[in-house]
Amino acid sequence: MDAHRDEEAAASPLIAAPPAGGRSHAVDAHLLSSAFLFVFSAYSAAQNLETSVNTVREGDLGTVSMGILYTSFTLFSVAASPVVTRIGPKRALVVGSSGYVLFILANLVPTWYTMVPASLYLGFTASIIWVGQGTYLTSAALSHARENNLPEGPTLGSFNGEFWGMFASTQVIGNLISLALLRNGKDGGSVTGKNVLFAVFLGCMIVGIVLMCLLSKRDEKRDNAPTHSSFGAMLKYIVAPLKDRRMLLTIPLIAYSGLQQAFVWAIFTKSIVTPVLGISGVGGAMAIYGAADVVCSLIAGRLTSGLHSAAFIVSVGAILQAVVLFWLLLFYSSPMSGLLGAAIPLFIGALWGVGDGVLNTQLSALLGLLFEDVKEAAFAQLKVWQSGAIAVIFFLSPNITLQAMLILMTTGLFISFGSFMFLTLVVEKSSTVRP
């Protein structure tokens, strides 16, 4: 009966009383989620348009700049964890947001001389902001659980469910803004309309940065975060998760989560949506993708209680994405005409959004549970492999066919899902996850 009450309390941990003498950890989770909502409503919509708008005007500038961005992201993520440990997760969030502002500014004058440096710098700052996000949210969730005597698994699930639900809604808000401001169908709107759009995006980012400045500081040194007296000690801390068999079995799923995100940004928008609905239709299709992502993230977060629930939830998302991939491989011809042809990209976007919501919530909660003692390094590994996979897709997409890309995605899905299922057996056998 007590365990049942614990589960009920953890199902809605974000309304517990604040700790004495300080702000509620739940309030910080709300602020963090809201800050990312503003920053990434702008960035996500801009990213969705990169391979379409900037491809039209500057050759493959959009695709190449995104490939450079995620390659930079991958390389800098290797060293992001000691940077976040040194400056603290709150400062990491604020510093990390500067790259997104510069990227939006570069899109107002999109040339090789503006986009490439902005993409390189954003790769660096993105590694900082995302490791900071994972560290900050995990710290808030675990502190909340301990101070309110709640089980850690469901609390991590609820905190991550709220964050990723809010984050997924950036696809809805940002893409509806782009849909409203880019009205001229397949040509992507006028230069003036595009510049107004990016100016609105810039305003959204400024609001998000202000919200980040309002976050409470978190004393990670109090919670077993190490200090590094030498480069060797720092390197040892960075690679520590790679010595753990559980991380090695998680990496394929992390990499696939990057592949499936980049598939939406680089392939789905350009090869499936644009031929049927035009560039302005990208906003509508991605808004539906985001709406499905929001709902799934919130539900998946509420249902998370440990590794067994994560395995079931991931299985549902994997099956839905496998259905989409097999249908595209066997039956899709581009472009399909008529009402059915217009509805297909929207339906695919909804199904794919479910899978993305599953992966985001479950991977973050899983890393928080399995690697609490080295959470900065664990979230750095998340971004190393995820952004590396994204970079691969952006560089490959101009050079291979849609069919070849679908085969690559299908292969990645089966390998990652098999590895994750084996992980559940390994963890269950060793009983290393606390109930």
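Predicted model: local features only at pLDDT ≥ 70, side-chain atom pairs only at ≥ 80, totals over all residues.
Residues are numbered from 1 along each chain as its sequence is written. Local features need pLDDT of at least 70, side-chain atom pairs count only at pLDDT 80 or more, totals for chains, interfaces and linings use all residues, and side-chain values use heavy atoms, without hydrogens or water.

The largest nonpolar core holds 115 residues. Such a core is a set of buried Ala, Val, Leu, Ile, Met, Phe, Trp, Tyr and Cys residues joined through side-chain atoms within 4.5 Å. Buried means under 20% relative accessible area, with a 1.4 Å probe and protein chains only. Phe 36, Tyr 43, Tyr 70, Tyr 100 and Trp 130 touch the most other members. Helix H10 (residues 245-277) gives the largest share, 17 residues. Helices are DSSP runs of H or I, at least four residues long, numbered from the N terminus. Another core, of six residues, lies apart and includes Val 84 and Ala 380.

H10 has 33 residues, of which 25 are buried, so the helix is largely enclosed by the rest of the structure. H10 bends by about 55 degrees at Phe 268. The bend is the angle between axes fitted to the seven residues ending there and the seven starting there. Just after H10, Gly 278 takes a positive phi of about 80 degrees.

Asn 360 lies in helix H13 (residues 338-370). Asn 360 counts as buried because its relative accessibility is 7%. Its side chain makes a polar contact with the side chain of Gln 261 (3.4 Å). A polar contact is a pair of N or O atoms within 3.5 Å; within protein, one must be able to donate a hydrogen and the other to accept it, and residues adjacent in sequence count only if both atoms are side-chain atoms.

Terms used. Buried < 20%, exposed > 50% of the residue type's maximum accessible area, 1.4 Å probe, protein only. Helix = DSSP H or I, 4+ residues; strand = E, 2+ residues; numbered from the N terminus.
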